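Visitor: I would like to go through this model and ask what stands behind the words used for it. Please give the value and the cut-off each time.

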Amino acid sequence: MRLYWKVVLINGVVLCLALLALVLGPMSVSRSTVASEVLVLAGGLAAILLTNALLLRSSLAPVDRVVRAMAYVDLTGPDGRLAAPPSGPGRSLVDGFNAMLDRLEEEQGTSNAKALAAQEAERHRIAQELHDEVGQHLTVVLLGLKQLEGQVPAAQAAEVAVLRESVRDGLDDVRRVARRLRPGVLEDLGLTSALAALTNDLGRHHPAEVRRVIAPGLPGLASDTELVVYRVAQEALTNAARHSRAKQVTLSLVRIGEGLVLEVADDGIGFDASTSGAGLRGMHERSRLVRGDLRITSRPGQGTTVRLAVPLAVGPS
Ligand SMILES: Nc1ncnc2c1ncn2[C@@H]1O[C@H](COP(=O)(O)OP(=O)(O)OP(=O)(O)O)[C@@H](O)[C@H]1O
Ligand SMILES: [Mg+2]
């Protein structure tokens, strides 16, 4: 029964009872009402209002719960679904609200996946242009300088050699940036090898001891989730290398319950956790895209731990 009809029915029943009491009861109202009659009428009215309020309370309680839930529901937070009453119009209201959450979550998942794909496509394009255009130009300059070096007198040849070395460094930088923008290794070898490549890279370019703990035989993740884990690891390792002055950096990936947990921990100088930057924001945004739970724990002087928990792929992957 719809809520509207239930309210009408309750009011009707209460008014009929009041009418019956008036007809069958001993009381009467004089033309000029006396005080004792006013008391009886007031008592009757209070009884009607009270009965009505009590009967309506249970019927309208789900409305209040749904209104409150609608004001505070957060699709990225804990499950906001409500427990439905066993029957009555409140049940269909709560069921409707829960169905709306299902649909919103599904739509959010789809648009998150699109946002992630668009972001990656853009990175892909930039990587390609860096490699094909800037890279090619620098290669041409490098070859030209090499040739020039053999043609100029010895005094200038040394200067040309310095220039050539700096162009070579630039070319290496362009290639490295292009590689970072497009994690080909993730597509080719999978997440664990891609993470291993990241830590190896850090170990080669940074004085800190880099440790890696990746549990064997980890279950697969959805490809979006894999990409997010990779990008978060990449940013966390880069931050550790750039800012932490750590002696040791540890990356671990393990299964805990129905999810995988990535942790990048350093024993460096730490920072104020309320600090905000594009890199830290990006990690949070990406993690939200795949319903991950990202926590960054840090305090000045106490090192930093970035922990990302992501759900396992649902169904066959
Ligand atoms: N592991 C860490 N150890 C010490 N400080 C850190 C660490 N990670 C982040 N920080 C601090 O937090 C700040 C913000 O980090 P964030 O990654 O957002 O920006 P960034 O690394 O400076 O620049 P980018 O946008 O290129 O990542 C850093 O500038 C640094 O001061
Ligand atoms: Mg950063």
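Guide: Buried means under 20% relative accessible area, exposed means over 50%, and partly exposed covers what lies in between. The model is a predicted one.

Visitor: Why is Arg 291 called partly exposed?

Guide: Arg 291 has 46% relative accessibility, so it counts as partly exposed. The residue sits in the loop between α8 (278-289) and β4.

Visitor: What is noted about the phi of Arg 291?

Guide: The phi of Arg 291 is positive, about 55°, although the residue is not a glycine. Most residues other than glycine have a negative phi.

Visitor: Where is Arg 245, and is it buried or exposed?

Guide: Arg 245 belongs to the loop between α7 and β2 (248-256). Its relative accessible area is 68%, and the cut-off for exposed is over 50%, so Arg 245 is exposed. Arg 245 also has a positive phi of about 55° without being a glycine.

Visitor: Which residues coordinate the magnesium ion (ligand 2)?

Guide: Glu 235, through OE, and Asn 239, through OD1, coordinate the magnesium ion at 2.1 Å. Donors are counted within 2.8 Å of the metal, so atoms at 2.1 Å qualify. Water is not among the atoms, so the site may look incomplete.

Visitor: What makes Glu 235 and Asn 239 about one helical turn apart?

Guide: Both are in helix α7 (residues 223-244), and they are 4 residues apart, which means a separation of about one helical turn.

Visitor: How do you know which of the words buried, exposed or partly exposed applies to Glu 235 and to Asn 239?

Guide: Glu 235 has 22% relative accessibility, so it counts as partly exposed. Asn 239 has a relative accessible area of 18%, and under 20% is the limit, so Asn 239 is buried.

Visitor: Is Ser 223 buried or exposed?

Guide: Ser 223 is in helix α7 as well. Its relative accessible area is 58%, so Ser 223 is exposed.

Visitor: How does the span of helix α3 compare with the expected one?

Guide: Helix α3 (residues 89-151) has 63 residues and reaches 92 Å from its first C-alpha to its last.

Visitor: Where is the kink in α3 centred?

Guide: The kink is centred on Gly 135 and amounts to about 30°. That bend is the angle between axes fitted to the seven residues ending there and the seven starting there.

Visitor: Why is Val 94 called buried?

Guide: Val 94, in helix α3, has 0% relative accessibility, so it counts as buried. Val 14 lies in helix α1 (residues 3-24), and its relative accessible area of 4% makes it buried. Val 66 lies in helix α2 (residues 35-72) and is buried at 7%.

Visitor: What is the order of the strands in the open sheet?

Guide: The sheet has 5 strands in the order β1-β2-β3-β5-β4, and its pairing is mixed. The twist averages 10° from one strand to the next.

Visitor: What makes β1 and β4 edge strands?

Guide: Each of them, β1 (209-214) and β4 (293-298), pairs on one side only.

Visitor: How do you know that β4 pairs with β5?

Guide: Two strands pair if there are at least two bridges between them, and 6 bridges join β4 to β5 (residues 304-311), so the two are paired. They run antiparallel. Arg 295 has Arg 307 in β5 as its bridge partner, and Ile 296 has Val 306 in β5.

Visitor: How many residues lie between β4 and β5 in the hairpin?

Guide: There are 5 residues between them, and Gly 301 in the turn has a positive phi of about 85°.

Visitor: Which domains are assigned, and what distance separates their centres?

Guide: The domain assignment gives domain 1 (3-108) and domain 2 (183-317). Their centres, taken over C-alpha atoms, are separated by 52 Å.

Conventions: Residues numbered from 1 in each chain as written. Chains lettered and ligands numbered in written order. Predicted model: local features only at pLDDT ≥ 70, side-chain atom pairs only at ≥ 80, totals over all residues. Heavy atoms only, no water. Donors = N, O, S within 2.8 Å, 3.2 Å for Na, K, Ca; no water. Buried < 20%, exposed > 50% of the residue type's maximum accessible area, 1.4 Å probe, protein only. Domains from an automatic or database assignment. Expected span 1.5 Å × (residues − 1). Axes fitted to C-alpha atoms, helices over the stretch in contact; angles between N-to-C directions.
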